[in-house]
Amino acid sequence: MRCQYVIQPEDTFENIAMQFYNNPCLAEKLRQYNGFYSSDFIIIGQPIVIPACATLHATTGAADRLPAGMQPPHGLEKLLGIFGNIYEYVDDKGCFDESAWCADMLTAVQVPFSVALSWDYTRRVRSVRCHKKIAGSIKDAFHAVKREGFEGEIVTLGDFYNFRSKRTCGKLSTHCWGIAFDLNPEVNIPGTKGCISDKLVQLLQEFGFTWGGHLKGAYKDPMHFQFCTGY
Ligand SMILES: [Zn+2]
(Lines give C-alpha, C1' and ligand atoms only; values in the text may rest on other atoms or scores of the structure.)
Protein backbone atom coordinates (compact mmCIF):
# COMPACT_ATOMS: atom_id res chain seq x y z
CA MET A 1 0.00 0.00 0.00
CA ARG A 2 1.31 3.38 -0.96
CA CYS A 3 -0.94 6.32 -1.61
CA GLN A 4 -1.24 10.02 -1.47
CA TYR A 5 -3.27 11.82 1.17
CA VAL A 6 -4.35 15.44 1.26
CA ILE A 7 -4.08 17.18 4.63
CA GLN A 8 -7.53 17.98 6.04
CA PRO A 9 -8.55 20.62 8.60
CA GLU A 10 -7.60 19.58 12.16
CA ASP A 11 -5.21 16.88 10.90
CA THR A 12 -2.13 15.98 12.89
CA PHE A 13 0.49 13.38 11.97
CA GLU A 14 -0.81 11.34 14.91
CA ASN A 15 -4.34 11.08 13.54
CA ILE A 16 -3.08 10.42 10.00
CA ALA A 17 -0.83 7.62 11.33
CA MET A 18 -3.81 6.26 13.27
CA GLN A 19 -6.04 6.40 10.20
CA PHE A 20 -3.64 4.60 7.84
CA TYR A 21 -1.57 2.38 10.15
CA ASN A 22 -3.78 2.14 13.21
CA ASN A 23 -0.66 3.23 15.08
CA PRO A 24 -0.17 6.84 16.19
CA CYS A 25 3.42 6.01 17.21
CA LEU A 26 4.33 6.10 13.50
CA ALA A 27 3.50 9.81 13.35
CA GLU A 28 7.11 10.90 13.75
CA LYS A 29 8.40 8.58 11.00
CA LEU A 30 5.58 9.66 8.68
CA ARG A 31 6.47 13.30 9.32
CA GLN A 32 10.14 12.66 8.58
CA TYR A 33 9.36 10.51 5.52
CA ASN A 34 7.57 13.50 4.04
CA GLY A 35 10.38 15.88 4.84
CA PHE A 36 8.63 18.01 7.45
CA TYR A 37 10.94 19.37 10.12
CA SER A 38 8.15 20.19 12.51
CA SER A 39 4.59 19.02 12.96
CA ASP A 40 3.58 22.69 12.96
CA PHE A 41 4.15 23.14 9.26
CA ILE A 42 1.36 21.02 7.81
CA ILE A 43 -0.94 22.97 5.53
CA ILE A 44 -4.56 22.05 4.76
CA GLY A 45 -4.79 20.81 1.18
CA GLN A 46 -1.13 19.79 1.02
CA PRO A 47 -0.58 16.29 -0.41
CA ILE A 48 1.66 13.90 1.52
CA VAL A 49 2.79 10.37 0.73
CA ILE A 50 1.54 7.46 2.81
CA PRO A 51 4.10 4.68 2.24
CA ALA A 52 3.59 1.01 3.00
CA CYS A 53 3.90 0.32 6.71
CA ALA A 54 7.03 -1.81 6.18
CA THR A 55 8.68 1.00 4.21
CA LEU A 56 7.98 3.41 7.02
CA HIS A 57 9.41 1.02 9.63
CA ALA A 58 12.55 0.60 7.52
CA THR A 59 12.96 4.33 7.04
CA THR A 60 15.82 6.01 8.75
CA GLY A 61 14.43 9.35 9.78
CA ALA A 62 14.80 12.26 7.42
CA ALA A 63 17.76 14.41 8.34
CA ASP A 64 19.28 11.49 10.29
CA ARG A 65 22.50 12.00 8.40
CA LEU A 66 22.84 15.67 9.26
CA PRO A 67 25.95 16.80 11.10
CA ALA A 68 25.23 17.48 14.77
CA GLY A 69 23.84 20.94 15.39
CA MET A 70 23.17 21.58 11.72
CA GLN A 71 19.42 21.77 11.19
CA PRO A 72 18.00 23.50 8.12
CA PRO A 73 16.64 26.91 9.16
CA HIS A 74 12.91 27.65 8.94
CA GLY A 75 11.86 31.02 7.57
CA LEU A 76 13.77 34.03 6.25
CA GLU A 77 14.90 35.38 9.61
CA LYS A 78 16.65 32.14 10.60
CA LEU A 79 17.98 31.74 7.06
CA LEU A 80 19.61 35.19 7.30
CA GLY A 81 20.93 34.37 10.77
CA ILE A 82 22.63 31.14 9.75
CA PHE A 83 23.63 31.70 6.14
CA GLY A 84 24.28 35.44 6.15
CA ASN A 85 22.32 38.63 5.73
CA ILE A 86 22.54 39.14 2.00
CA TYR A 87 20.77 42.49 2.30
CA GLU A 88 23.86 43.88 4.09
CA TYR A 89 25.70 43.42 0.79
CA VAL A 90 23.32 45.78 -1.01
CA ASP A 91 24.29 49.47 -0.92
CA ASP A 92 22.01 52.53 -0.60
CA LYS A 93 21.61 52.66 -4.36
CA GLY A 94 20.41 49.06 -4.48
CA CYS A 95 23.64 47.62 -5.93
CA PHE A 96 24.54 44.12 -4.77
CA ASP A 97 28.23 43.46 -4.09
CA GLU A 98 28.19 39.94 -5.47
CA SER A 99 31.94 39.39 -5.40
CA ALA A 100 32.13 40.24 -1.67
CA TRP A 101 29.11 38.04 -0.92
CA CYS A 102 30.54 35.10 -2.84
CA ALA A 103 33.98 35.49 -1.23
CA ASP A 104 32.46 35.56 2.27
CA MET A 105 29.86 32.81 1.90
CA LEU A 106 30.65 30.37 -0.88
CA THR A 107 33.09 27.56 -1.46
CA ALA A 108 33.70 24.93 -4.12
CA VAL A 109 32.91 21.30 -3.31
CA GLN A 110 34.15 18.27 -5.21
CA VAL A 111 31.43 15.72 -5.97
CA PRO A 112 32.33 12.07 -6.61
CA PHE A 113 31.04 11.86 -10.19
CA SER A 114 30.85 14.27 -13.10
CA VAL A 115 27.54 15.69 -14.31
CA ALA A 116 26.69 17.72 -17.43
CA LEU A 117 25.56 21.30 -17.00
CA SER A 118 21.95 21.84 -18.05
CA TRP A 119 22.85 24.99 -20.01
CA ASP A 120 25.83 23.40 -21.79
CA TYR A 121 25.75 19.61 -22.20
CA THR A 122 29.30 19.62 -23.55
CA ARG A 123 30.59 20.61 -20.11
CA ARG A 124 30.71 18.06 -17.32
CA VAL A 125 31.62 19.27 -13.83
CA ARG A 126 32.88 17.59 -10.68
CA SER A 127 32.87 20.73 -8.62
CA VAL A 128 29.91 22.80 -7.46
CA ARG A 129 29.69 26.10 -5.61
CA CYS A 130 27.63 26.25 -2.44
CA HIS A 131 27.52 27.93 0.98
CA LYS A 132 30.53 27.10 3.16
CA LYS A 133 28.31 25.87 5.97
CA ILE A 134 26.63 23.17 3.89
CA ALA A 135 29.72 22.07 1.97
CA GLY A 136 29.92 18.94 4.14
CA SER A 137 26.25 18.10 3.61
CA ILE A 138 26.52 18.55 -0.17
CA LYS A 139 29.63 16.37 -0.28
CA ASP A 140 28.10 13.68 1.95
CA ALA A 141 24.82 13.71 0.02
CA PHE A 142 26.47 13.30 -3.38
CA HIS A 143 28.75 10.55 -2.06
CA ALA A 144 25.63 8.76 -0.77
CA VAL A 145 23.97 9.25 -4.17
CA LYS A 146 26.89 7.43 -5.79
CA ARG A 147 27.25 4.77 -3.09
CA GLU A 148 23.55 3.95 -3.08
CA GLY A 149 23.27 3.72 -6.86
CA PHE A 150 21.46 6.92 -7.84
CA GLU A 151 24.30 8.45 -9.83
CA GLY A 152 22.59 7.61 -13.15
CA GLU A 153 19.47 9.48 -12.09
CA ILE A 154 21.32 12.80 -12.02
CA VAL A 155 21.82 13.57 -15.69
CA THR A 156 22.25 17.34 -15.60
CA LEU A 157 22.81 19.96 -12.94
CA GLY A 158 20.92 23.22 -13.03
CA ASP A 159 21.62 26.07 -10.65
CA PHE A 160 23.59 25.72 -7.44
CA TYR A 161 24.62 29.24 -6.42
CA ASN A 162 22.87 31.80 -8.58
CA PHE A 163 21.82 35.31 -7.62
CA ARG A 164 18.24 35.39 -8.81
CA SER A 165 14.62 35.68 -7.69
CA LYS A 166 12.32 32.75 -7.07
CA ARG A 167 10.48 31.62 -10.18
CA THR A 168 7.10 32.44 -8.68
CA CYS A 169 7.70 35.89 -7.18
CA GLY A 170 10.27 38.62 -6.64
CA LYS A 171 11.65 37.20 -3.39
CA LEU A 172 15.28 36.13 -3.48
CA SER A 173 15.70 32.46 -4.27
CA THR A 174 17.51 30.19 -1.81
CA HIS A 175 20.01 29.72 -4.67
CA CYS A 176 21.31 33.20 -3.70
CA TRP A 177 22.70 31.71 -0.48
CA GLY A 178 24.17 28.69 -2.22
CA ILE A 179 21.93 26.37 -0.21
CA ALA A 180 19.86 25.03 -3.13
CA PHE A 181 20.44 22.93 -6.22
CA ASP A 182 18.39 21.91 -9.25
CA LEU A 183 18.53 18.41 -10.76
CA ASN A 184 17.59 17.49 -14.34
CA PRO A 185 15.74 20.78 -14.99
CA GLU A 186 14.83 19.73 -18.57
CA VAL A 187 12.42 17.07 -17.32
CA ASN A 188 11.48 18.49 -13.92
CA ILE A 189 9.42 21.44 -15.08
CA PRO A 190 7.96 23.73 -12.38
CA GLY A 191 4.27 23.04 -11.77
CA THR A 192 4.59 19.38 -12.83
CA LYS A 193 5.29 16.19 -10.90
CA GLY A 194 8.63 15.80 -12.61
CA CYS A 195 10.43 12.48 -12.53
CA ILE A 196 12.81 12.41 -9.58
CA SER A 197 12.39 9.04 -7.87
CA ASP A 198 10.89 8.89 -4.38
CA LYS A 199 14.03 7.08 -3.22
CA LEU A 200 16.35 9.84 -4.37
CA VAL A 201 14.09 12.44 -2.75
CA GLN A 202 14.13 10.46 0.47
CA LEU A 203 17.90 10.06 0.40
CA LEU A 204 18.50 13.79 -0.09
CA GLN A 205 16.00 14.57 2.67
CA GLU A 206 18.14 12.53 5.03
CA PHE A 207 20.86 15.11 4.48
CA GLY A 208 18.50 17.97 5.27
CA PHE A 209 17.42 18.92 1.75
CA THR A 210 13.75 19.74 1.31
CA TRP A 211 12.28 18.87 -2.08
CA GLY A 212 10.41 21.49 -4.13
CA GLY A 213 8.18 18.73 -5.52
CA HIS A 214 6.32 18.70 -2.21
CA LEU A 215 5.04 22.22 -2.82
CA LYS A 216 1.61 22.80 -4.33
CA GLY A 217 0.31 24.03 -7.69
CA ALA A 218 2.48 26.58 -9.48
CA TYR A 219 4.95 26.49 -6.57
CA LYS A 220 5.71 22.82 -7.24
CA ASP A 221 9.35 22.68 -8.32
CA PRO A 222 10.50 19.08 -8.79
CA MET A 223 14.05 19.98 -9.87
CA HIS A 224 14.69 21.95 -6.66
CA PHE A 225 16.24 20.91 -3.32
CA GLN A 226 17.12 23.36 -0.59
CA PHE A 227 18.64 23.33 2.88
CA CYS A 228 15.88 25.46 4.38
CA THR A 229 12.16 25.22 5.05
CA GLY A 230 9.42 27.82 5.22
CA TYR A 231 10.96 30.15 2.66
ZN1 LIG B 1 16.05 25.67 -7.67
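1. Isoleucine 179 is in contact with Phe83, Cys130, His131, Ile134, Thr174, Gln226, Phe227 and Cys228, leaving aside its neighbours within four places in sequence. Contact is taken as C-beta atoms, placed from the backbone, within 7 Å. The model is a predicted one: local features need pLDDT of at least 70, side-chain atom pairs count only at pLDDT 80 or more, and totals for chains, interfaces and linings use all residues. Residues are numbered from 1 along each chain as its sequence is written.

2. Ile179 is also one of the residues that touch the most other members of the largest nonpolar core, which has 33 residues. Such a core is a set of buried Ala, Val, Leu, Ile, Met, Phe, Trp, Tyr and Cys residues joined through C-beta atoms within 7 Å; buried requires 20 or more other C-beta atoms within 10 Å of the residue's own. Among the elements giving two or more residues to this core are strand E3 (106-117), strand E4 (120-131) and helix H6 (135-147). Helices (H or I, at least four residues) and strands (E, at least two) are DSSP runs, numbered from the N terminus. H6 gives the largest share, four residues.

3. A second, separate core has seven residues, including Phe13 and Tyr21.

4. Three strands form an open sheet in the order E4-E3-E5, with mixed pairing. E4 and strand E5 (156-157) are at the edges with a single partner strand each, so one side of each lacks a neighbour in the sheet. Threonine 107 has cysteine 130 in E4 as its bridge partner.

How values were computed: Buried ≥ 20, exposed ≤ 12 C-beta atoms within 10 Å, placed from the backbone. Contact = placed C-beta atoms within 7 Å. Pairing = 2+ DSSP bridges.
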